[in-house]
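These notebook entries record what I looked up in one structure. I set each term down where I first needed it.

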Amino acid sequence: MAEDLRIIEGSKAEIYQSLIPQINALIDGEPDLVANLANIAAALKEQFGWLWVGFYLVKPFGTTQENELVLGPFQGPVACTRIKKGRGVCGAAWQDAKTLIVDDVEKFPGHIACSSLSKSEIVVPVIRNDEVIGVLDIDSESLGHFDDIDKKYLEEIIEGINF
């Protein structure tokens with residue numbers, strides 16, 4: 001298990017290509033999901049300096065046992081604890097089972113403003129056995145920060161996690 005993160009500079013693709021093996025080394029052989037999600041969030045935040053990086057996990061809630069996204073390991077400011085399916089960017093990515101890139105969160109219908117500093121967002125669903133079981137949520141303080149390069153490599157990182 002590697003416990004040091006080597007921060008590199010270069011193109012966005014080069015940074016991801018260097019970071020993914022490091023993330024894999026962090027989680028290789030560690031069976032605890034919370035530990036692995038925490039290290040992934042920390043590695044992404046350290047490398048890219050984004051405002052917020054974290055996971056929400058689908059869990060039953062209340063007497064109806066209706067599922068909600070519940071806050072999991074994250075790095076950044078205090079966050080929303082629960083999100084209903086279809087609400088905000090995270091809830092929409094869960095509902096649609098696809099990665100969403102939002103260039104300006106103020107223009108996203110129903111955006112949940114956990115932090116007024118957040119300007120753009122990418123949410124990658126964690127899909128196992130054709131079911132969304134969680135999402136990786138990343139916020140930036142810059143408008144239009146995320147693109148298809150982020151989508152490609154973040155989806156690759158998600159695929160490498162043993163849920």
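**Entry 1: terms and model**

Two strands pair if DSSP finds at least two bridges between them. I noted that this is a predicted model, in which local features need pLDDT of at least 70 and side-chain atom pairs count only at pLDDT 80 or more, while totals for chains, interfaces and linings use all residues. Residues are numbered from 1 along each chain as its sequence is written, and side-chain values use heavy atoms, with hydrogens and water left out.

**Entry 2: the sheet**

I looked up the order of the strands. Six strands form an open sheet, in the order β3-β2-β1-β6-β5-β4, with antiparallel pairing. At the edges stand β3 (82-83) and β4 (100-102); each has a single partner strand, so one side of each is left without a neighbour in the sheet.

I then went through the pairings. Strand β2 (residues 66-75) is joined to β1 by eight bridges in the antiparallel sense, and F61 stands opposite E66 in β2. Two bridges, again antiparallel, pair β2 with β3; there V70 has R82 in β3 as its bridge partner. The hairpin of β2 and β3 has six residues between the strands, and in this hairpin G76 takes a positive phi near 135°.

**Entry 3: I122 in β5**

I asked where I122 lies and what it touches. I122 belongs to strand β5 (residues 120-128), and I122 is the bridge partner of I101. For accessibility I used these classes: buried means under 20% relative accessible area, exposed over 50%, and partly exposed in between (1.4 Å probe, protein chains only). I122 has a relative accessible area of 0% and is therefore buried.

Contact here means heavy atoms within 4.5 Å. Not counting residues up to four places away in sequence, I122 touches T99, L100, I101, L136, D137, I138, F146, D150, K151 and L154. I also noted A93, 29 residues from I122 along the chain, with the two C-alpha atoms separated by 9.3 Å.

Which residues here have a positive phi without being glycine? Phi of N129 is near 50°, and D130 has a positive phi of about 60°. N129 lies in the loop between β5 and β6, and D130 is placed in that loop as well. N129 counts as exposed because its relative accessibility is 78%; D130, at 79%, counts as exposed too.

**Entry 4: Q47 in α2**

I turned to helix α2 (residues 33-48), which contains Q47. Is Q47 buried or exposed? Its relative accessibility is 9%, so Q47 counts as buried. Leaving aside neighbours within four places in sequence, Q47 is in contact with L5, R6, I7, I8, I15 and L19.

**Entry 5: aromatic rings**

Rings of Phe, Tyr and Trp (its six-membered ring) pair if their centres lie within 6.5 Å; planes under 30 degrees apart count as stacked, over 60 as edge-to-face and the rest as tilted. I found six aromatic pairs in the structure. In one of them, F48 and W50, the ring centres are 4.3 Å apart and the planes stand at 5°, so this pair is stacked. W50 counts as buried because its relative accessibility is 2%. One aromatic cluster is formed by Y16, F48, W50, F146 and Y153.

**Entry 6: the cavity**

On a 1 Å grid over the protein atoms alone, a cavity is a set of points where a 1.4 Å probe fits but cannot get out; lining residues have an atom within 4 Å of a point. Grid points are joined across faces, edges and corners, and a volume is the space filled by probe spheres set on the points.

How many cavities of 30 Å³ or more does the structure hold? The structure holds one, and the volume of the largest cavity is about 180 Å³. Its lining has 21 residues, of which I112, C114, E121, D137 and D139 lie nearest the centre. At least two lining residues come from each of β1 (52-61), α3 (88-96) and β6 (131-140); α3 gives the most, with three.

Terms used: Helix = DSSP H or I, 4+ residues; strand = E, 2+ residues; numbered from the N terminus. 1 Å grid on protein atoms, 1.4 Å probe; cavity = no way out; pocket = protein on both sides within 12 Å on 5 of 7 lines; lining within 4 Å.
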